[in-house]
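Hi,

Here is the structure I promised to pass on to you. Have a look at it first, and then read on for what turned up.

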Amino acid sequence: MRHWRGQEMLYFRFTDKMMDNKVVRAQLWLYLKPSPPTEYYDHQTVTITVLRALRGIGASDTPIFTPLTSLKETRPRGSRGKWVSLEVKRLVADWFKFPRDNQGLAVQASIQGRDDLHPQHLIVTPSQNDHSSSYYVPFLEVHIADTRKHRTKRTISLNCPENSNETRCCRYPLTVDFEEFGWDWIIAPKKYEANYCSGECPFVWFQKYTHTHVVQLASPSGTDGPCCAPRKLSSISMLYFDQEFNIIYGLLPGMVVDRCGCS
């Protein structure tokens with residue numbers, strides 16, 4: 001949720017991995033509050049409009065709002081709250097293609113014949129303090145399809161939970177606690193997620209590791225087939241004492257396993 005001059009703006013973030021795919025369907029879901037049973041009318045027509053936020057021209061940071069889609073909902077007096085959805089596939093597809101253009105969106109809601117109601121009086125928004133309303137905050141439903149070239153099993157990187165029954169090469173979670181090692185010279189972090197690789201590398205990897213398999217078949221002493229090992233590692237930041245008890249900040253490479261594979 002962002003705010004600009006009193007205007008609440010919904011902002012959705014997506015991972016890089018997700019944005020590599022094609023958007024098949026995208027729906028913005030909003031919760032329409034129950035209509036007051038005390039008001040005098042038989043039916044009311046609620047108009048909900050979604051506006052796309054665009055970056056301002058030049059050096060200005062003032063967003064520009066353009067109508068994207070709208071929905072009219074007619075309901076009788078005393079109606080219960082309900083979820084309504086608006087199609088935003090084109091918007092999300094643009095965000096995937098041009099992430100910098102993702103400036104969020106705004107929602108306007110009004111009742112026909114009444115201009116005194118704020119959108120918050122009609123639709124649940126994240127800024128409302130009512131704890132029960134947290135179950136009805138707006139959300140984006142996105143269906144995607146992988147448009148990348150077909151990948152064979154040998155290129156798949158698996159992530160498995162601790163209790164997984166997976167036998168293939170996989171990355172497993174592992175929390176390292178420095179205090180358990182007695183490494184009191186480390187100030188922070190005291191623990192971190194290191195992860196580790198484990199599993200089998202079956203014959204399906206033959207085309208990628210031909211030499212390894214040929215050597216294995218030749219059976220010279222001290223050789224094995226492909227083994228499950230880290231294929232991508234990342235660093236962590238650390239505060240620690242050096243031998244003269246100076247506080248040092250450093251970046252330690254190769255401390256976190258991001259991806260496992262056979263090699």
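Strand 11 and strand 14 pair in the antiparallel sense over two bridges; strands here are DSSP E runs of at least two residues, helices are H or I runs of at least four, both numbered from the N terminus, and two strands pair if DSSP finds at least two bridges between them. Within this pairing, alanine 188 stands opposite leucine 239 of strand 14. Before going further, please note that this is a predicted model, in which local features need pLDDT of at least 70 and side-chain atom pairs count only at pLDDT 80 or more, while totals for chains, interfaces and linings use all residues. Residues are numbered from 1 along each chain as its sequence is written, and side-chain values use heavy atoms, with hydrogens and water left out.

Strand 14 (residues 228–241) is joined to strand 15 by twelve bridges. Cysteine 228 has cysteine 262 as its bridge partner, and phenylalanine 241 stands opposite isoleucine 247.

Two other loops are worth a look. A cis peptide bond with omega of about 0° joins alanine 188 and proline 189, and proline 189 is found in the loop between strand 11 and strand 12 (191–193). Asparagine 195, in the loop between strand 12 and strand 13 (196–198), also has a positive phi, near 65°. Is asparagine 195 buried or exposed? At 14% relative accessibility, asparagine 195 counts as buried.

Now to helix 2 (residues 89–97), whose buried residues are Leu91, Val92, Trp95 and Phe96. They lie on the same side of helix 2, because they cover an arc of only 140° around the axis (the arc is that of the directions from the helix axis to the C-beta atoms). Arg90 and Lys97 are exposed on the face turned away from that buried side. The buried residues pack against several elements, including helix 1 (16–19), strand 3 (22–32) and strand 8 (139–145).

Finally, the nonpolar cores: each is a set of buried Ala, Val, Leu, Ile, Met, Phe, Trp, Tyr and Cys residues joined through side-chain atoms within 4.5 Å. The largest has 27 residues, and among those with the most contacts inside it are Phe14, Leu28, Val92 and Leu140. Strand 3 gives this core its largest share, five residues. A second, separate core of eight residues includes Val176, Ala194, Ile236 and Val256. Leaving aside neighbours within four places in sequence, leucine 140 is in contact (heavy atoms within 4.5 Å) with Phe12, Phe14, Gln27, Leu28, Val88, Val92 and Trp95.

Definitions and conventions: Buried means under 20% relative accessible area, exposed over 50%, partly exposed in between (1.4 Å probe, protein chains only).
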